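My entries follow in the order in which I made them.

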Amino acid sequence: MEGLVGSQMTPITAHCKQLSSPFLPVFSPRFTKKFNLGLIGMSKSPKSLNLIAASVQPLESAKLGHFNNTLPSKEVLELWRNANAVCFDVDSTVCLDEGIDELAEFCGAGKAVAEWTSRAMGGSVPFEEALAARLSLFNPSLSQVQDFLEKRPPRLSPGIEELVKKLRVNNTTVYLISGGFRQMINPVASILGIPPENIFANQLLFGSSGEFVGFDTKEPTSRSGGKATAVQQIRKAHGYKALVMIGDGATDLEARKPGGADLFICYAGVQHREAVAAKADWVVFNLRDLINSLE
């Protein structure tokens, strides 16, 4: 994305103090032919998935000193609390991992693919170029994807299940919008109780023998600006008055535009992309901040 070239990504590491006010976030920095679509059904119920929750530590205060958006303004809080719909990025937001990186590592090409992912999420290369390049490094077969899903259950970010439940109690519709793949996102959506029609993501394509043949380029999320397009489609179709996008990357930030998201909340609890966080309406490092602000 323009203006995000060379964005710095910082893994998460410092302590934050807790505020006593119920109206402010809990963390305050002390100072970031034909194709088969290959749809894979879940053979296990969501409850049987062995989910792993990891503790995520806030950033060192030195990394946060130049941000003034770690506490929300009154206007931001009002928009958040009155949102009709909330759209979540999946990788490094709803989940602790970048799905394509995990699949590539499982298939033996983890390091090379992770480098491309970092460039794509920082906005330094067009998304569609990075997606094609990453997949070409390991060409996952249908059987490899199925094996991956069986052996590597989703690792959800701490607090995401509670946050989604809280939003639904407030009659807020939840969507998952991802540059990742439906085959890997469907299990996550099932755990969170999000219907398939509320998923906007890419689709891996396989041939008749299960060989990888590409991805569906008709999906809006397969190209740069795709998440913004998906959010605009959602808003137009349902007429939402207030819509919020939550994510960690440049493609999530793009969704905040006229006809799209009114508010962009940067979740930096897994990856801290400084150029993205600097442009966010609100930066959070723990999803508990968002949960508490709804009470």
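**Entry 1: strand S9 and its partners**

I began with the pairing of strand S4 (residues 85–88) and S9, which run parallel and are joined by 4 bridges. Strands here are DSSP runs of E with at least two residues, helices are runs of H or I with at least four residues, and both are numbered from the N terminus. I take two strands as paired if DSSP finds at least two bridges between them. The model is predicted: local features need pLDDT of at least 70, side-chain atom pairs count only at pLDDT 80 or more, and totals for chains, interfaces and linings use all residues. Residues are numbered from 1 along each chain as its sequence is written, and side-chain values use heavy atoms, with hydrogens and water left out.

Phe-88 has Ile-246 as its bridge partner in S9. I then looked up strand S10 (residues 263–267), which runs parallel to S9 and is joined to S9 by 4 bridges. Across that pairing, Met-245 stands opposite Phe-264.

Next I checked burial, where buried means under 20% relative accessible area, exposed over 50%, and partly exposed in between (1.4 Å probe, protein chains only).

**Entry 2: nonpolar cores**

I define a nonpolar core as a set of buried Ala, Val, Leu, Ile, Met, Phe, Trp, Tyr and Cys residues joined through side-chain atoms within 4.5 Å. The largest one has 37 residues, and Trp-80, Phe-88 and Leu-163 have the most contacts inside it. Helix H8 (residues 182–192) gives the most to this core, with 5 residues.

For Leu-163 I listed contacts, meaning heavy atoms within 4.5 Å. Leaving aside neighbours within four places in sequence, Leu-163 is in contact with Trp-80, Phe-88, Leu-287, Leu-290, Ile-291 and Leu-294. A second, separate core has 23 residues, including Ala-85, Ala-250, Ala-261 and Phe-285.

I followed up Ala-261, which lies in the loop between helix H10 (250–253) and S10. Ala-261 has a relative accessible area of 4%, so I list this residue as buried. Not counting residues up to four places away in sequence, Ala-261 touches Val-231, Arg-235, Leu-243, Val-244, Met-245, Ala-255 and Arg-256. Ala-261 and Tyr-240 are 21 residues apart in sequence and 9.9 Å apart in space, C-alpha to C-alpha.

**Entry 3: helix H8**

How many of the residues of H8 are buried? The count is 9 of 11, and the helix is mostly covered. Among the buried ones are Arg-182, Gln-183 and Pro-187. What covers them includes helix H3 (99–106), H6, H7, S5, strand S6 (199–202) and strand S7 (204–206).

I also looked up Ile-191, which is in H8. Ile-191 counts as buried because its relative accessibility is 15%. Between Ile-191 and Leu-156 there are 35 residues of sequence separation and 9.6 Å in space, C-alpha to C-alpha. Just after H8, Gly-193 takes a positive phi of about 75 degrees.

**Entry 4: other positive phi values**

S7 and strand S8 (residues 212–215) run antiparallel and are joined by 3 bridges. They form a hairpin with 5 residues between them, and Gly-210 in the turn has a positive phi of about 85 degrees. In S8, Phe-212 is the bridge partner of Phe-206.

I noted two non-glycine cases as well.

- Asn-139 has a positive phi of about 40 degrees. Asn-139 lies in the loop between helix H5 (127–136) and helix H6 (142–151), and counts as partly exposed at 41% relative accessibility.
- Asn-171 has a positive phi of about 60 degrees. Asn-171 lies in the loop between helix H7 (160–169) and strand S5 (173–181), and is exposed, with a relative accessible area of 69%.
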